[in-house]
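Biologist: I would like to learn how to read a protein model. Could we go through it one feature at a time?

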Amino acid sequence: NLIVNRRSDVKPMMVRQAILDCLKSGGSVDPSGLRAEEMFMICRSTYPYSEVDVAAVRAILAAGNSQPKFYSYVALCKDPLVLLKASAAIWKYRGMRCIMVRILQALMNANEVIAMQSSVSERVASEYLTARDVIIFRSIVFACASGFVFGTCDTGETPRSRHCMMCVNMIRSIVSKRRGIIAALIKQGLQDICIDWIVEFVPESISDAPIITSLLYDVGSLTATERLTAACAGLRIAVAHNVRGGSIANTLVSASTTVLLESFTLVIGPIGVPVSILREENGEDVTNICREKMFLMIKALSSISPKNKDLKNEASITLSKIATLCKSENAVGGVSGVAVSKRKALLKEIWDACVQANTALGGAMQL
């Protein structure tokens, strides 16, 4: 109340000190950082944004750094990614997080103007801005989706229980403004927890459906594992936001299910040998990755509303084809051993998942 009643007394240096007090005390002085945020907002209402933001950034970057580099406001506008150098712990404080997002949004807007004016062409500027936003997007989404920002995340927790509305709004704004962000991140291999978060909070992600579809049809641009991983992400986004996406979402679902069927042999592995024999260059088990993606995709298909006839038919046909593949693979004889037993157990697991999904869809297809 004292702060609110004496608005003119809140100066940029006081904002800087409030942020330092919050961070250096480990939250004991200002547990949530809300006092610092209040001072920041009041100061911004009476002093130029540039002056207040520079003071706040100096304090934010000083946390855990004995010799922080000084940045002018012009330097910050030229390189907004500097803010991502801040200690990760800052994102745990609600008030600090809000200060960071507000400053970052202002710097991104200024940086876009600079990029458009200084680049040799609009295309070059657009490529730079997309690359910039991919880094910012990935950092914020991972921080929120992993549960880091909101404490340890239980496996049973839904993304809805751990979100920051300011972060959500910023991410949605980036996706709306910059087409290709989601597709670029999917191509890079965005973690499943991040896809969960995007599906839950970013309906604008469906606007990248045509780009993701093209990516799936371009067989040479991705390895088989990467292609199925991209199809898995695309399917989950398309199913969740089909109403918003319409025909482009349906096309993405079709492309994704095609990739799923084409990847069946990778999921079950070769006959008579351990499934772990197939590995990526980095040593990851190809069949294990593909198996996880297949079950995620079957689960996504089971979530389709029975009222959506087009998608329901697509899902039912896909499940029927997978079930048929399970039958034919299970009928293969002439070999035995532990590897074969594991393979048959996997085929049964896939069959059971298809049956459950088919039931969820109303049992439209006879498996």
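Modeller: Residues are numbered from 1 along each chain as its sequence is written, and side-chain values use heavy atoms, with hydrogens and water left out.

Biologist: What is the mean pLDDT of the protein?

Modeller: pLDDT is the predictor's confidence in each residue, from 0 to 100. Here the mean is 84, and 83% of the residues reach 70 or more. Where pLDDT is low, the predicted coordinates should not be read in detail. Over residues 1-5 the pLDDT stays under 50.

Biologist: How many helices and strands does the protein have?

Modeller: Helices (H or I, at least four residues) and strands (E, at least two) are DSSP runs, numbered from the N terminus. This protein has 18 helices and zero strands.

Biologist: What percentage of the residues is buried?

Modeller: Buried means under 20% relative accessible area, exposed over 50%, and partly exposed in between, with a 1.4 Å probe and protein chains only. Of the 367 residues in the protein, 47% are buried.

Biologist: Which residues are buried in helix α11?

Modeller: In α11 (residues 209-217) they are A209, I212, T213, L215 and L216. Seen down the axis of α11, these buried residues fall within an arc of 160°, so they line one face of the helix; the arc is that of the directions from the helix axis to the C-beta atoms. Their cover includes α9 (181-188), α12 (224-240) and α14 (247-262).

Biologist: How is a pair of aromatic rings described?

Modeller: Such a pair is described by the distance of the centres and the angle of the planes. Rings of Phe, Tyr and Trp (its six-membered ring) pair if their centres lie within 6.5 Å; planes under 30 degrees apart count as stacked, over 60 as edge-to-face and the rest as tilted. A search of the whole structure finds one aromatic pair. W197 and F201 form this pair, which is tilted, with 5.0 Å from centre to centre and 55° between the planes.

Biologist: Where do W197 and F201 lie?

Modeller: An α-helix has 3.6 residues a turn, so residues three or four places apart point the same way. Both W197 and F201 lie in helix α10 (residues 192-201), four residues apart, about one turn of the helix. W197 counts as buried because its relative accessibility is 0%, and F201 counts as buried at 4%.

Biologist: Which residues is D53 in contact with?

Modeller: Contact means heavy atoms within 4.5 Å. Leaving aside neighbours within four places in sequence, D53 touches F40, R44, Y73, I103 and A106. D53 is found in helix α4 (residues 49-62) and is buried, because its relative accessible area is 0%.

Biologist: Is K78 buried or exposed?

Modeller: K78, in helix α5, counts as exposed because its relative accessibility is 54%. Beyond neighbours within four places in sequence, K78 is in contact with N111, I114 and Y128. The C-alpha atoms of K78 and L107, 29 residues apart along the chain, are separated by 8.1 Å.

Methods:
This is a predicted model: local features need pLDDT of at least 70, side-chain atom pairs count only at pLDDT 80 or more; totals for chains, interfaces and linings use all residues.
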